[in-house]
Structure formats: structure tokens, C-alpha cells
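Hi everyone, thanks for making time.

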Amino acid sequence: MNKIYIYNSNFINLLTLIMNLIKKEVKPDNIKDNTYEPNLLEERVILNLENNENILNYFQTKWGNYFLKTIYYVYLSNNENKELIIYYVCLNALKYNKKVLNMRNLKCVSEALRISKYVGNEAHKLKGFLRFKELKNNILYGEIEPTNNVIEILSMHFKRRLANENWIIHDKKRYIAMIYDKKDILLIDTKKIDIFPKLSIEEEDYEDLWCTFYETIGIKERTNLKCRLNFMPKKYWKNIIEMREENETNNKWK
Amino acid sequence: MNLKEKLIILSDSAKYDASCSSSGSKRANKNGMGNASYSGICHSFASDGRCISLLKILLTNCCIFDCKYCLNRKSNNIKRAIFTPEEICNITINFYKRNYIEGLFLSSGIIKSPDYTMNLLIETISLLRNKYKFNGYIHAKAIPGSSEILIKKLGNLVDRLSTNIELPTENSLKLLAPNKNSNNINKILNYISTNHNKQFAPAGSSTQMIIGASSDTDLDIMTKSSNMYQQHHLKRVFYSAYIPINKDKLLPTLKTPPLKRENRLYQADWLLRYYGFKVENLLDKDNPNFNLLIDPKADYALRHLEEFPIEINEANYYKLLKVPGIGVTSAKRIINSRKYFKITYKDLKKMGVVLKRAKYFITCNHQYFISPELFKKDFIESNLVLEDKPKTNQNIYQMSLFNE
């Protein structure tokens with residue numbers, strides 16, 4: 001039977017488990033979070049470890065910020081083998097220390113760097129593509145459906161940028177939302193709450209004004225839809241208001 | 001005239017300015033709205049594939065100048081409009097908080113006099129900064145011929161301050177922009193580069209040249225760019241393919257804008273700034289224009305085959321950068337990785353090297369990857385040209401077969 005080690009769906013718990021396995025010299029067949037359903041050849045192993053709250057500090061002092069950020073971004077990704085990749089990166093970090101991320105000839109390192117960059121890129125794109133709508137009570141409300149779990153990165157960005165506004169970022173794919181009240185950010189589970197945003201009176205006017213600007217600013221003699229698609233992939237169009245119309249006409253032809 | 005009509009007129013006449021970057025400033029949010037992102041953020045992409053980062057508008061398209069190539073020239077009979085400072089602030093703030101934009105790009109036609117126009121720009125932007133407490137990115141155009149004190153005032157309010165030199169040579173400027181004077185433009189760029197600091201235009205300056213409206217060669221253009229980078233420490237020179245909007249006997253008649261040429265100039269511009277190339281490496285009096293079939297770096301490599309192949313595990317940074325298919329990122333990765341292990345051909349892909357281009361010009365552990373007798377200009381050139389051809393050509397061909 002393949003042994004699948006189970007962690008508690010958070011980053012600290014994952015690192016605690018990984019360091020524990022390394023210490024015991026156990027090579028896991030895989031590591032998965034507690035929602036994982038094993039197949040017939042797999043056995044779930046739960047070690048019931050207490051979270052080691054110091055582990056982030058430990059990683060930071062031992063291997064540096066860049067290392068910690070890289071494996072955290074891998075953890076946020078949708079990659080199927082992300083836990084195993086982090087495990088092997090940590091295993092090699094004990095051997096090579098701080099220079100481990102330079103060892104691009106190791107598969108786990110080149111994969112970790114690639115995935116972390118992919119997550120960082122998606123977060124960066126959404127810092128631009130996210131669209132807020134103003135609700136009746138002046139709250140700004142934005143929906144996202146990202147491939148990777150980037151809501152926390154986005155929240156930190158908007159906490160600085162829109163510090164004096166109330167806002168909600170809603171990840172409709174993962175059923176979570178970040179709520180900011182001009183002071184703190186709160187993560188909520190939206191499976192249990194229905195959100196029916198009611199728009200402010202002005203909202204439609206500004207959306208219309210923006211779509212007008214968007215139409216006008218493109219130079220017709222230079223039209224290049226392929227180039228646009230490269231930079232702004234279709235999977236984001238649904239929530240980008242200036243693309244909504246085109247998105248709907250496209251879907252009709254499917 | 002309502003706000004929407006104004007926005008159409010004043011964004012339509014602003015769209016020919018190529019600059020859209022919102023990078024280079026670290027402005028923080030001081031108890032207001034917005035901050036700058038040092039790497040810049042693109043918020044959308046227009047139907048022409050260009051990034052939309054800033055609300056790009058003119059304060060007014062009224063203009064006392066009569067530059068031949070410009071939509072807003074005095075002699076054109078078009079609808080004119082002017083924004084009030086409050087209107088600009090209102091649109092900017094409402095677009096910004098909905099995360100449509102990274103900030104404002106404000107330029108203007110020249111109304112009454114350069115100083116009068118500058119004062120309007122200053123009034124608008126100080127309203128935005130002080131009353132609305134807006135700390136997002138602002139790029140403003142300085143008006144040539146305005147007084148130094150106004151340039152100083154405007155520079156203290158914005159992240160980037162720039163002005164366009166429009167044409168690479170004095171002669172073509174005189175011919176096509178008779179009211180503009182290159183001294184005035186240089187004076188502004190000079191003032192910005194000597195005074196640029198954390199408070200004054202922290203994101204520096206840039207400029208733009210129109211490509212294909214005059215008879216200037218690529219050599220003229222690149223020489224001008226190179227001088228501008230050295231003298232004025234510009235962040236960017238933008239190249240804007242001329243789009244025939246006006247009919248004038250002094251202007252060329254073009255069916256389509258020279259987009260490929262513009263692309264080659266941008267590639268060469270990158271080579272000057274990041275790859276250690278000089279203009280004389282790329283162009284000379286006998287070859288004053290870029291090869292449209294092949295990019296400037298590959299063109300250089302093919303003309304200097306004696307410098308190749310280079311050894312991946314030994315060559316220095318600038319030698320690596322000369323290889324087609326190796327860019328700044330992959331060259332740095334190679335240099336860095338070499339300290340820890342010997343790089344094999346297989347590792348190169350993981351480092352982001354484009355092997356289908358690079359393979360002709362490198363050895364890895366002294367091994368060459370194609371048969372050595374094929375290390376000839378004609379062979380490599382024909383392969384590279386075909387690599388560069390967009391794949392859509394094949395589709396068009398297939399479709400026409402289908403139609404028959």
C-alpha cells in the first residue's frame with residue numbers, strides 16, 4: 001500500500017509534517033491535505049502533529065526569505081504534486097543549505113521555481129484584472145476565479161492601496177472571501193453565506209464610461225487580437241467588465 | 001457636451017502616445033487613496049494588444065500648433081473639447097477605486113500659450129493630489145516652451161514627467177512640426193534629468209519618436225535614441241509607427257503603419273540598454289536600416305560568425321547575451337548555476353534558453369549540437385528566418401485550399 005501522509009490544510013501544518021518525516025527518515029509516497037480521498041492502493045496516514053508555530057521563523061533564519069516565499073507560493077498553487085515538491089526541496093535544503101535554489105539541475109528545484117513564478121505571475125495579473133463594483137453601502141466588491149489560490153497575496157496588495165475603503169474580494173471557485181473594514185482583513189467561508197451584491201446608483205454609469213474609454217483607446221489600424229489574447233487570457237474575461245460583452249458573444253457560438 | 005462625449009474625444013486624441021508604463025515609482029499611500037507599484041501593473045489590454053495601465057487622456061485637444069502628422073493640429077476641422085480639473089479628478093478616482101487603472105496619464109494640446117496650458121495641468125494634478133489625496137501613479141507631459149518654474153512645479157506632483165521629441169533629426173522636425181523647436185524639447189529633458197530625485201519625477205522621464213512619417217533612416221533614429229539615453233538618462237524611448245490620419249503633401253502615403261519596422265527598433269533599443277550593444281554594432285552607413293526578415297541580434301550574430309560558437313560553461317555575461325535565444329534572465333541563470341554545477345545541454349531548457357535559436361551558436365562542454373559542417377551563414381539564416389515566420393501563414397494557406 002502507498003502511504004499518503006495527511007496534513008491539516010494549512011502551510012504551517014504542512015511544514016511541521018514535512019520536517020517530522022525528514023527527521024524520522026520516512027520517504028512518503030505522497031502528502032495530501034485532509035480533504036484527500038485515497039484510492040484502493042493508498043492508505044491515509046495521520047500523525048496528529050501539533051503545529052510548530054516557530055517553524056516559519058526557523059525556515060526564515062536557516063534558509064532565508066526568498067526560500068520561504070518560494071515554497072509558500074508552491075503551496076498556493078494548483079499543482080498536483082506540490083506537497084511532494086516542497087518535501088524534496090526541504091530535504092535538499094538540509095544538504096545544500098542556502099544555495100539549494102541555485103541547484104536548477106535538481107528536478108524539485110527547477111519545478112519549485114517554475115511553479116512559484118507561475119503563482120506570482122497570476123497574482124500580479126489579477127492585481128490588474130480584478131474589477132471592483134461599488135455596492136449601495138459604498139463597499140467595493142470584486143469577484144475572482146483564479147487557477148491558483150492567490151487571494152491572500154491580492155488582499156495584502158489592496159490593503160495598502162485602498163486602505164481607506166471597505167472592500168470584499170470573493171474567490172467564487174474556492175468559496176472563500178476576504179473582507180476588509182479599513183483596519184483588518186477577515187477570511188470567511190462563503191459556502192454558508194449567500195452574497196447578493198446590490199449595486200450603487202452610480203455604478204452602471206462608471207462601468208459604461210470605462211467601457212467607452214476601452215473602446216476608444218485601441219488604435220483600429222493596429223488591431224491585434226492575438227496579441228491581446230496572449231496578455232489577457234480568456235479565462236479572466238468573465239470578470240473583466242470591458243470584456244464581458246465580447247465574452248458573451250463568443251460563448252453563443254460555442 | 002456631456003462627460004462621456006468629452007471622454008471619447010479626449011481619449012481618442014491621446015491614444016497615439018505609446019507610453020503606458022506605470023513602473024519605477026515607490027510612492028506610498030499616505031492616508032489617502034492609492035500607491036505606486038514599482039514594477040508597474042497592466043490593468044487591461046486594448047484591441048490593438050497594447051497594455052492599458054493609465055487613464056490616458058488630453059486635458060484639451062485645442063491646439064495652437066500645426067504639426068503635420070497630428071490629429072489635433074490647428075488646421076484640422078474636428079470636434080474640440082476641454083475637461084475641467086474636477087471632471088478629470090472625478091473620473092480618475094472612480095476608475096482607480098474600481099481597479100480599472102493604475103493612475104493617470106495627462107497630456108494636452110497647447111491652448112493659448114505653453115505657460116497657460118502648463119498652469120491648467122498643474123491645477124488639475126494638484127487638486128487630485130491634495131484635495132482627493134490621490135497617491136497613485138501620474139505621468140504628465142511637460143509642454144515645450146513653458147517656463148522652468150512651471151516644469152519644477154509639475155515635476156514635484158507627478159511620478160513621471162516627459163516630453164516627445166517626435167522626430168530624430170532637426171530637418172524633419174522643421175518640416176513636419178514647424179512650431180516645435182528642438183531646443184525647447186531638449187531643455188525640458190535636460191532639466192528633468194538633472195533634477196530627477198525622490199520628490200521630483202521619481203519614475204524619471206521618457207520620450208517618443210514617430211516612425212515612418214519622415215525620410216529618416218533607422219540609423220538616424222537609433223543614433224538619436226542612444227544619445228538621448230546617454231545625455232538625458234531616459235527610462236525609455238518609445239517608437240510609434242506613423243498612422244496616416246492626415247492628408248498632407250509633406251507626409252508619405254502608407255497603406256498600413258510600419259509595424260514591423262517599429263518592432264525592430266524596439267528590439268534594437270533593448271539591445272542598447274540591456275545587452276551591451278552599441279549602434280555601430282547594428283547599423284552603419286552602408287546598412288542604415290534594419291533587416292525586416294531577421295531580428296537585429298540574430299542579424300549581428302550572422303554577420304559575426306567568427307565570434308561563435310561560444311562555450312556555455314566558460315563565456316562571460318556579455319558574450320552569453322550575444323547569443324540569439326539567450327536573454328538577460330537566462331544569461332544570469334547560467335552564470336549563477338555555473339558556480340554550483342556543470343551545465344549540460346538538458347539543463348539549458350530549464351533555464352529558459354530558446355534552444356531552437358541558440359543551438360547554432362553555442363557549445364556545451366565543448367560539444368556542438370548540429371553537424372559542424374552546417375555551421376554556415378546561409379544554413380543558419382534560412383532556418384532562423386523560418387522560425388520567425390508566424391504560424392498563421394500556414395493556416396491562411398490551408399484555408400485557401402479549403403475554399404477551392
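Let me start with a term: a polar contact is a pair of N or O atoms within 3.5 Å, where within protein one must be able to donate a hydrogen and the other to accept it, and residues adjacent in sequence count only if both atoms are side-chain atoms. Between chain A and chain B, 26 residue pairs are in polar contact, both residues being at pLDDT 80 or more. This is a predicted model, in which local features need pLDDT of at least 70, side-chain atom pairs count only at pLDDT 80 or more, and totals for chains, interfaces and linings use all residues. Residues are numbered from 1 along each chain as its sequence is written, chains are lettered from A and ligands numbered from 1 in the order in which they are written, and side-chain values use heavy atoms, with hydrogens and water left out.

How many salt bridges cross the interface of chain A and chain B? The rule, a side-chain nitrogen of Lys or Arg within 4 Å of a carboxyl oxygen of Asp or Glu, finds 6. A:Glu134 pairs with B:Lys97 in a salt bridge, their closest N and O atoms 2.9 Å apart.

As for contact (heavy atoms within 4.5 Å), 50 residues of chain A meet 57 of chain B. Buried area is the accessible area (1.4 Å probe) that two parts lose on being put together, summed over both. Here the two chains bury about 4900 Å², 58% of it on carbon and sulfur atoms. In chain A, the residues losing the most area to chain B are A:Arg104, A:Arg161 and A:Arg222, together 17% of what that side buries.
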